[in-house]
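Here is a short briefing to read alongside the model.

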Amino acid sequence: MTTIGIPGAGELAGLVVRGLQGQGYRLILSPRNAKVSARLAAAYGCEVATSNQAVVDAADGVFVALPAATGTEELARLSFRPGQPVLSAMAGTGLARLQAAIGPARAAVAMMPGYANALRDGPSILCPEDGFWHDFLSKLGPVFPFADETTFTAAAAFGALSGASFGWMARIIAWFQAQGLPADQARALVAATLRGNAEVLLHEDRPLADIAGSVVTPGGISEMVLETFHRQGALAAWDKGLDRVLDRIKR
């Protein structure tokens, strides 16, 4: 059985551990956050090591879920084996910085939404392509590998899109509730609508413009909503928000 060591025991680590249940991995957690590690061990049968170095020593591969602000400094204090696969999910930590911290180990970086991965339904991006980590991430949802770090960094903005979409969904759900729909019905209706449209994008080969043209008919109610968005600058605001995110993660 492949052993994965996880330095860091925060929210993302917990979601990944949940998604990996029954997927054929032995998971060893950091004692860094003792309360969280103990909860995950009790709930999912993980092991808790005595130190982060013990995590690394026991692991076939190391999945890094440390805080981005201090993570590379913590990694630099550890000793890794030559060629040991190390995957960082620390936002904004580039390959060169990660490689410098882990010495002779093999560096890769990833981004994932987290919550959807716990349900094995969330996308992950990976740079560079790495068979060990591709197989690992595929247990948590679809994997999109990138050979070029520049495009990977741009794609990493999807993490912000994922989180922000919950705020947008909450707003739409609240509108339907204000019209008298019960809360559970409004939530289910919005979720089912968006899931259905996502399935269209995934399974239809037609260009997106053709699909949109077939559902946004001239003078129809969908066009009415989109025209309102354009007048209010709502669609352009998404570009501006993602531009701000990209500027941050490029630093």
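Strand 1 (residues 2-6) and strand 4 (residues 61-64) run parallel and are joined by 2 bridges. Strands here are DSSP runs of E with at least two residues, helices are runs of H or I with at least four residues, and both are numbered from the N terminus. Two strands count as paired if DSSP finds at least two bridges between them.

This is a predicted model, in which local features need pLDDT of at least 70 and side-chain atom pairs count only at pLDDT 80 or more, while totals for chains, interfaces and linings use all residues. Residues are numbered from 1 along each chain as its sequence is written, and side-chain values use heavy atoms, with hydrogens and water left out.

**The sheet**

- Opposite isoleucine 4 you will find glycine 61 of strand 4, and glycine 5 faces valine 62 in that strand.
- Strand 1 also pairs with strand 2, in the parallel sense and over 5 bridges.
- Isoleucine 6 has leucine 29 of strand 2 as its bridge partner.
- Between strand 1 and strand 2 the chain passes through helix 1 (residues 11-19), making a right-handed β-α-β crossover. Right-handed means that, with the strands pointing away from the viewer, the path from the first strand over the helix to the second runs clockwise.
- Strand 1 is largely enclosed by the rest of the structure, because 4 of its 5 residues are buried. Buried means under 20% relative accessible area, exposed means over 50%, and partly exposed lies in between (1.4 Å probe, protein chains only).
- The open sheet has 8 strands in the order 3-2-1-4-5-6-7-8, with mixed pairing.
- Strand 3 (47-48) and strand 8 (143-145) stand at the edges with a single partner strand each, so one side of each has no neighbour in the sheet.

**Aromatic rings**

- A search of the whole structure finds 6 aromatic pairs. Rings of Phe, Tyr and Trp (its six-membered ring) pair if their centres lie within 6.5 Å; planes under 30 degrees apart are stacked, over 60 edge-to-face, and the rest tilted.
- One of the pairs is tyrosine 25 with phenylalanine 136, edge-to-face at 5.5 Å centre to centre and 75° between the planes.
- This pair links distant parts of the chain, with tyrosine 25 in strand 2 (residues 25-29) and phenylalanine 136 in helix 7 (residues 131-138), 111 residues apart.
- Both tyrosine 25 and phenylalanine 136 are buried.
- Phenylalanine 132 and tryptophan 133 form an edge-to-face pair, because their ring centres are 4.9 Å apart and their planes stand at 80°.
- Phenylalanine 132 is partly exposed at 25% relative accessible area, whereas tryptophan 133 is buried at 0%.
- Ring pairs connect Tyr25, Phe63, Phe132, Trp133 and Phe136 into a cluster.

**Cysteines**

- The search for disulfides finds 0, where a disulfide is a pair of cysteine sulfur atoms within 2.5 Å.
- Cysteine 46 counts as buried at 10% relative accessibility, and cysteine 127 is buried at 1% relative accessible area.

**Overall picture**

- The protein has 13 helices and 8 strands, and its C-alpha trace spans about 65 × 40 × 30 Å along the principal axes.
- Of the 251 residues, 35% count as buried.
- Among contacts (heavy atoms within 4.5 Å) between residues at least 6 apart in sequence, 49% join residues at least 24 apart.
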